[in-house]
Each structure stands twice: as structure tokens, then as C-alpha cells.
Amino acid sequence: MKTTSQSLPGILSVAYLPVDRVQRHCDLKCLSSIPVQVFTTPTQVPLKGPATCETVSRYDNNGRVETTTLRFRSLDPIPTTHPLAFIVTDANRQSYLVGLHEPPYPIVRSTQTTGTPSGDPAVISHEVTFTALKALIPLG
């Protein structure tokens with residue numbers, strides 16, 4: 001099984017929006033070289049510390065599958081009552097969509113820590129994992 005990996009050069013911002021605000025079949029549009037855009041204002045997440053975004057592409061069951069993992073820390077919780085998609089903007093000012101209108105949706109794991117007396121921050125660490133035919137979709 002051959003895998004390839006892509007890591008964004010530095011995350012400037014992370015935002016989220018409900019998946020019902022995302023165009024349908026964005027992964028297929030991207031694979032067909034059709035530009036994908038988001039026509040709503042997402043909710044910005046105030047970042048505390050650096051964020052990372054990594055995509056691994058692999059062959060699975062005679063087809064290619066991508067898995068994107070987005071990690072960031074914030075003081076604000078991420079709502080988990082409904083499925084979300086995420087927009088990541090890197091240091092080159094290129095934005096990417098993580099999540100689709102259709103299932104499966106991104107999985108959000110949040111871990112809240114209290115910090116330590118020596119100065120470690122009390123933050124919420126978020127990890128977003130998404131697997132699809134195209135899991136990191138350039139917006140343009």
C-alpha cells in the first residue's frame with residue numbers, strides 16, 4: 001500500500017461552518033478541476049499556539065482515499081451538536097475546505113486541560129479527522 005503525505009506550510013486561521021452550508025459533492029468537483037467556493041461567512045476560531053494540518057493519501061480497496069488531520073488549540077469550544085466543516089487558511093493565504101455536505105462528516109475530538117501552575121495554558125485542544133476521496137479541498 002503506497003501512501004503520500006502533504007502538510008500545509010503554516011496555519012493562519014481556522015474557521016467552521018455547518019455542513020449544510022457547503023456545496024454538494026465538493027470532493028468530486030475538486031477532482032474534476034471545478035473550482036469550489038463557500039458562499040457563507042464561517043465562524044472564526046481564535047487560535048492559541050500553532051495549528052497543524054496534514055493530509056495522507058493512500059490506496060484502499062483498489063481506490064485512493066485521503067485522510068486529513070487538523071490540530072489546533074483554542075479557548076473556545078467547538079459546537080458538536082451538528083456536523084461541521086472547517087476552512088483552513090495557510091501562510092500562503094490559500095484556503096482549504098475540510099468536510100463535505102454529504103456523510104461521512106469530520107470527526108471532532110476536543111480535550112480540555114486546566115494548565116499547570118508553572119505557566120502552561122488552560123486551553124481546549126481540538127483534533128479534526130476527515131476521510132474522503134479528496135479530504136483537503138482547495139478553495140478558489
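1. At 24% relative accessibility, E127 counts as partly exposed (buried means under 20% relative accessible area, exposed over 50%, and partly exposed in between, with a 1.4 Å probe and protein chains only). The model is predicted, with local features needing pLDDT of at least 70 and side-chain atom pairs counting only at pLDDT 80 or more, while totals for chains, interfaces and linings use all residues. Residues are numbered from 1 along each chain as its sequence is written, and side-chain values use heavy atoms, leaving out hydrogens and water.

2. Three salt bridges are found in a search of the whole structure (a side-chain nitrogen of Lys or Arg within 4 Å of a carboxyl oxygen of Asp or Glu).

3. E127 forms a salt bridge with R71, with the closest N and O atoms 3.0 Å apart. Because E127 lies in strand 9 and R71 in strand 5, this pair ties together parts that are 56 residues apart in sequence (strands, E, at least two residues, and helices, H or I, at least four, are DSSP runs numbered from the N terminus). R71 has 38% relative accessibility and therefore counts as partly exposed.

4. A salt bridge also joins E127 and R109, at 3.5 Å between the closest N and O atoms. It links distant parts of the chain, strand 9 for E127 and strand 8 (residues 107–112) for R109, 18 residues apart. Shared partners join R71, R109 and E127 into one network of salt bridges. R109 is partly exposed, at a relative accessible area of 45%.

5. The side chains of E66 and K134 meet in a salt bridge, 3.4 Å from N to O. E66 belongs to strand 5 (residues 63–74) and K134 to the loop between strand 9 (124–132) and strand 10 (137–138), so the pair ties together parts 68 residues apart in sequence. Both E66 and K134 are buried.
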